[in-house]
Amino acid sequence: MPTHRRVVLAARPSGVPTESDFRLEESPVPDPADGEFLIESVYLSVDPYMRGRMRDVASYAAPLQLGEVMTGGGVGRVAASRNPRYAVGDWVEGMTGWQTHLVTRGAGFRKIDPTLAPPSTALGVLGMPGLTAYFGLLEVGAARAGDTVVVSGAAGAVGSAVGQIAKIAGCRVVGIAGSDDKVAWLTGDLGFDAAFNYKTESDYRARIRDLCPSGVDVYFDNVGGPISDAVMPSLAQGARVAVCGQISQYNNEQAEQGPRQWFHLIVKRARVEGFLVFDFANRYDEGRERLTGWVRAGRIQYREHFEDGIERMPAAFIGMLGGANTGKMLVRVRPE
């Protein structure tokens with residue numbers, strides 16, 4: 001008899017989360033009522049935004065409460081249905097949370113076609129990270145042919161897609177990542193024009209200046225902190241900074257005091273704009289269609305880092321925050 005297993009928030013982390021901040025619980029698998037269907041999770045996602053939801057602080061979404069199932073996206077198959085719109089065997093994607101089973105009426109879920117791409121990609125390059133890259137670069141960053149685009153966190157699920165979309169748009173692309181292997185992947189397989197390993201580079205500012213002699217037209221910021229401080233002096237006139245994430249800051253209990261670089265925005269008449277992918281929800285179909293076409297044509301490549309078993313969710317999440325993954329970090333709950 002299958003068991004419903006779920007990972008809940010057991011304690012609010014202080015600094016870097018630990019596995020003791022989570023708790024694995026078990027209960028009987030729920031049965032769907034009229035109008036509902038039962039999802040068996042196959043793939044579950046871990047993403048940087050989840051760290052913010054663990055704080056008892058108001059943000060763009062309500063904080064998780066202690067004992068609540070960890071929030072997160074998932075892909076699964078319909079195992080039982082009393083909803084005429086969903087049949088047993090359908091693949092679906094949505095906010096499942098960190099759990100092996102979920103009963104829902106379907107709000108916020110969508111069917112996915114496994115013949116177009118592996119179902120796991122609905123959580124990565126063809127899901128929220130890919131859409132974030134697509135709209136963040138082309139709409140918020142307004143990238144256009146001939147621009148120099150710098151991407152931090154460039155070997156992650158979002159950053160790797162940003163760089164490849166920028167190349168499709170005719171841009172010159174410079175990536176910043178956290179290992180020599182990641183740099184090699186960016187400049188070899190993905191076609192970035194240049195990249196560097198911030199963990200072995202002592203002078204970010206000089207390195208960015210050397211790699212971007214004409215200035216940075218678009219900076220896609222996934223990390224914040226000293227790397228983003230170092231980009232500011234190299235902004236070109238009319239530059240656009242798309243602030244997607246600040247992962248270097250998420251585990252800090254107090255805000256860092258960094259260099260004050262805002263005067264560069266005045267001199268360069270540059271624009272900084274933060275965004276959420278949900279801002280573009282009415283255009284998701286457009287983004288998915290273009291991303292799917294590029295993936296199927298081989299113009300966008302991707303990697304997935306899998307951990308196996310729902311008990312690995314906390315370790316996968318902590319590893320992702322520390323840069324353990326190349327591409328999208330996923331937990332495979334059960335075989336397809």
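This is a predicted model: local features need pLDDT of at least 70, side-chain atom pairs count only at pLDDT 80 or more; totals for chains, interfaces and linings use all residues.
Reader: How do you know whether the fold is compact or extended?

Author: A compact globule of 336 residues would have a value near 20 Å. The protein has 20 Å, so the two agree. Its C-alpha trace spans about 65 × 45 × 35 Å along the principal axes. Of the 336 residues, 54% count as buried. The protein has nine helices and 15 strands. Among contacts between residues at least 6 apart in sequence, 67% join residues at least 24 apart.

Reader: What makes a set of residues a nonpolar core?

Author: The residues must be buried, of a nonpolar type, and joined through side-chain atoms within 4.5 Å. The largest such core has 39 residues. Leu137, Val149, Ile165, Leu186, Phe220 and Leu291 have the most contacts inside it. Several elements each supply at least two residues, including α2 (128-140), β8 (148-152) and α8 (284-296). Helix α2 gives the most, with six residues.

Reader: Which residues does Ile165 touch?

Author: Beyond four places away in sequence, Ile165 touches Ala133, Tyr134, Leu137, Leu138, Leu291, Trp294 and Ile300. A second, separate core has 21 residues, among them Tyr204, Leu211, Val241 and Leu265.

Reader: Why is Phe263 called partly exposed?

Author: Its relative accessible area is 48%. Buried needs under 20% and exposed needs over 50%. Phe263, at 48%, lies in between, so it is partly exposed. Phe263 is in helix α7 (residues 263-268).

Reader: What makes the nonpolar surface patch?

Author: Phe263, Ile266 and Val267 make it, with about 330 Å². A patch residue needs over 30% relative accessible area. Phe263 has 48%, so it passes that cut-off. In soluble globular proteins, nonpolar side chains tend to be buried together.

Reader: Why is Arg269 called exposed, but Ala142 partly exposed?

Author: Arg269 has a relative accessible area of 54%. The cut-off for exposed is over 50%, so Arg269 counts as exposed. Ala142 has 26%. That value falls between 20% and 50%, so Ala142 is partly exposed.

Key. Residues are numbered from 1 along each chain as its sequence is written. Side-chain values use heavy atoms; hydrogens and water are left out. Buried means under 20% relative accessible area, exposed over 50%, partly exposed in between (1.4 Å probe, protein chains only). Helices (H or I, at least four residues) and strands (E, at least two) are DSSP runs, numbered from the N terminus. Contact means heavy atoms within 4.5 Å. Patches are made of residues with over 30% relative accessible area and no salt bridge: like charges are joined within 9 Å, nonpolar side chains (Val, Leu, Ile, Met, Phe, Trp, Tyr) within 5 Å. Accessible areas come from the Shrake-Rupley method with a 1.4 Å probe; for residues, only the protein chains shown count as cover. A salt bridge is a side-chain nitrogen of Lys or Arg within 4 Å of a carboxyl oxygen of Asp or Glu. The radius of gyration is taken over C-alpha atoms; the globule rule is 2.2 Å times the number of residues to the power 0.38.
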